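The sequence and structure are shown first.

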Amino acid sequence: MRIREALLPIAERHGIEAQSVYVGLPEVSSDWRSALQSRLTSDTTTNHAARVTNRRREGFAFDSREELRVYEALKRAQATLQADATISIFPLPLGRVGIGNTCTPDFLVVREGRAGLIEVDGPHHRGRLAADGTRDRHWRNSGFVHIERILVEETAKDSESDALVRTFLKRLRTH
């Protein structure tokens, strides 16, 4: 009831009609504390922060299926490159940028000594042009030579994602 009382006014404020709220909690065993402690101290997640998501590949966690599609496109591009001139892909790295801002770009990609970023912009980026521009400026001031923003709508087909990634890698190489 307390959760419902907190959520309904928020929904109303945002113009969302909600008649009821259902909260489902997972089943937990009596040793949940030790299981949680074991998960927190294990070395299974390869990016900086543990993320709660069902979108995982190769130990990496992704915030959206569109990010996962871009990751797969980056891997396809990586597979076409020679072993001595390949790329490194870092999904969702956490970093301290500029004057102490903590940022998590969707992808950090390194090619031939040049670092670039890919941001997969979904609906949560609407109305945030100035904020995104400020973050991009901090990244550029910190040495990233190319920043590519991809709209989620552009990731629906592999061919579209592949073309965007190829263009990004070409620009990254020539900057």
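Which residues touch the most other members of the largest nonpolar core?

## Basis of the model

This is a predicted model, in which local features need pLDDT of at least 70, side-chain atom pairs count only at pLDDT 80 or more, and totals for chains, interfaces and linings use all residues. Residues are numbered from 1 along each chain as its sequence is written, and side-chain values use heavy atoms, with hydrogens and water left out.

## The largest core

Val70, Leu74, Phe107, Val109 and Ile118 touch the most other members of this core, which holds 21 residues. A nonpolar core is a set of buried Ala, Val, Leu, Ile, Met, Phe, Trp, Tyr and Cys residues joined through side-chain atoms within 4.5 Å; buried means under 20% relative accessible area (1.4 Å probe, protein chains only). At least two residues of the core come from each of helix H3 (65-80), strand S3 (87-91), strand S6 (107-111), strand S7 (114-121) and helix H5 (158-174). H3 gives the largest share, 6 residues.

Apart from neighbours within four places in sequence, Val70 is in contact (heavy atoms within 4.5 Å) with Phe107, Ile118, Val120, Ile150, Thr155 and Val165.

## A second core

A separate core of 8 residues includes Val97, Cys103, Leu117 and Phe144.

## The chain as a whole

The chain has 5 helices and 8 strands, assigned as DSSP runs (H or I, at least four residues, for helices; E, at least two, for strands) and numbered from the N terminus. Of its 175 residues, 33% count as buried. Among contacts with a separation of 6 or more, 48% join residues 24 or more positions apart.

Methods
Buried < 20%, exposed > 50% of the residue type's maximum accessible area, 1.4 Å probe, protein only.
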